[in-house]
Amino acid sequence: MYIHEKPNWPAFEWDSSKLTKLLAEIRHRQGKMLGKMETVGFSLRAESTLDNLTLEVVKSSEIEGEFLDSNQVRSSIARKLGMEVSGVVPSDRYVDGVVDMMLDATQNFENTLSEERLYDWHAALFPTGRSGLSKITVGAWRTGENGPMQVISGTFGKEKVHFEAPEASRVSTEMAFFLDWFNTENELDPVLKSAIAHLWFVTIHPFEDGNGRIARAITDMQLARADRTTQRFYSMSTQIREERNNYYNILEQTQKGSLDITKWLEWFLTCLGHSFDRVETTLQLVNYKTQFWDAISNIDLNIRQYTMLNKILDGFEGKLNTSKWAKMTKCSTDTALRDIQDLVTKKILVKEEAGGRSTSYKIKE
């Protein structure tokens, strides 16, 4: 029996004695983090927001096995927020749609979350009306025409059902109840509310696809309410992506358990705390990137060079060489070599000291 089949669903319960200390610690760290960010310059806060929104969009999609071009995502966010940044590239309509949803959730967090607003988010996620090659119902609750909504893993013929959502006929009533609760002011701590909202929405699973991404957008919306700011200094989805297996395991355990969701709340708060751990590192990286781009602001670069420099600054994995440059920018190796040599001449890149079968490069200290 799933939790949505319980007679008293959705009357969630939890053991406050097991959460009080953890929640107090999270709220204390949250306050310190926001206070510290107030002391840094506006440009640094804006750049940090841009980086974390980019991570949130990219990592939320990665959790579902979809990989977006981070440079497109960053460029789309910058354009929509009216930010002047280096290396802006065109973005496709799918990337723009995911960005539109995330920005509406975090920048307009005080607005009511309505059925129509969720429909708009869903339509933004699936601009072609399809999920992969399959045509789906877009901008409306699922109909049940394709059978029960199930979360399944495994190969064909060896599928394992991890969860089955409520029947489609229940979705409209379930969502009306959820939205009324989400939009009503109550004494519940706003961080706890974000955890409950995430679980509740993803359990209803109201759409044919995109439920996980929309659940995380709702989570970010409620966390923005808890922070009381549109600026984002951490990325919950980045941490969930790091803990993806645990995330799916605790969801499955909770959805197959009782309405006592203490363990889910403990996991969520701990995961949120881990996302706070990244703030200092992120701030240092943002500061370095800002200084880097300021230092070379008068040097002409092409789009490929902007793109690759951003990737290096964001933590490029492995060694940078001409073949990787060519593959990642979709150019010939000759063009890649010219791009790199130009950056070496301009004293932006230098050759790595270690030799070997392939010459590699790094940003000049």
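**Entry 1**

I am working from a predicted model. I began with the largest pocket, which has a volume of about 1,400 Å³. It is lined by 41 residues, and the closest to its centre are Val58, Ser70, Asn71, Lys311 and Asp314. I then looked up the helices behind this lining. α2 (42-63), α3 (70-81), α9 (236-242), α11 (262-295), α12 (303-313) and α13 (322-329) each give at least two residues. By class I noted 13 nonpolar, 14 polar and 14 charged residues in the lining of the largest pocket.

Next came the second largest pocket, with about 750 Å³ of space. Its lining holds 30 residues, and Glu64, Gln150, Val151, His205 and Tyr248 are the closest to its centre. Strands take part here: β2 (134-135), β3 (150-153) and β4 (160-164) each supply at least two residues, as do helices α8 (211-227) and α10 (244-255). Which element gives the largest share of this lining? I found that α10 does, with six residues. The classes in the lining of the second largest pocket are ten nonpolar, twelve polar and eight charged.

**Entry 1. Cavities**

I searched the whole structure for cavities of 30 Å³ or more and found two. The largest cavity holds about 40 Å³ of space. I listed its lining as Val57, Ser60, Ser61, Val98, Met101, Met102 and Arg213. Two or more of these residues come from α2, and likewise from α4 (93-107). Four residues of this lining are nonpolar, two are polar and one is charged.

The second largest cavity has about 30 Å³ of space. Asn52, Leu53, Glu56, Met102, Thr106, Asp220, Arg232 and Tyr234 line it. Again α2 and α4 are the elements that give two or more residues. α2 gives the most, three residues. I counted three nonpolar, two polar and three charged residues in the lining of the second largest cavity.

**Entry 2. Aromatic pairs**

How many aromatic pairs does a search of the whole structure find? I got 21. I picked out Trp9 and Trp200, an edge-to-face pair at 6.4 Å centre to centre, with 75° between the planes. This pair links distant parts of the chain: Trp9 is in the segment before α1 (16-39), Trp200 is in helix α7 (residues 190-204), and 191 residues separate them. Both Trp9 and Trp200 are buried.

Phe178 and Phe182 are both buried.

I then checked how these rings group. Trp9, Phe12, Phe177, Phe178, Trp181, Phe182, Trp200 and Phe201 form one aromatic cluster.

I looked for charges over rings of the cluster. Lys193 lies over the face of Trp181, 5.2 Å from the ring centre. The charged end of Lys193 also sits over the ring of Phe182, at 5.8 Å from its centre.

Last, I turned to His198, which is in helix α7. Is His198 buried or exposed? I found a relative accessible area of 0%, so His198 is buried. Its side chain makes a polar contact with the side chain of Thr219 at 2.8 Å. The side chain of His198 also makes a polar contact with the side chain of Tyr247, at 2.8 Å.

Notes
Residues numbered from 1 in each chain as written. Predicted model: local features only at pLDDT ≥ 70, side-chain atom pairs only at ≥ 80, totals over all residues. Heavy atoms only, no water. 1 Å grid on protein atoms, 1.4 Å probe; cavity = no way out; pocket = protein on both sides within 12 Å on 5 of 7 lines; lining within 4 Å. Points joined across faces, edges and corners; volume = space filled by probe spheres on them. Helix = DSSP H or I, 4+ residues; strand = E, 2+ residues; numbered from the N terminus. Nonpolar A, V, L, I, M, F, W, Y, C, P; charged D, E, K, R; others polar. Phe/Tyr/Trp six-rings, centres within 6.5 Å; stacked < 30°, edge-to-face > 60°. Buried < 20%, exposed > 50% of the residue type's maximum accessible area, 1.4 Å probe, protein only. Lys NZ or Arg CZ within 6 Å of the ring centre and 35° of its normal. Polar contact = N/O pair within 3.5 Å; in protein donor to acceptor, adjacent residues only side chain to side chain.
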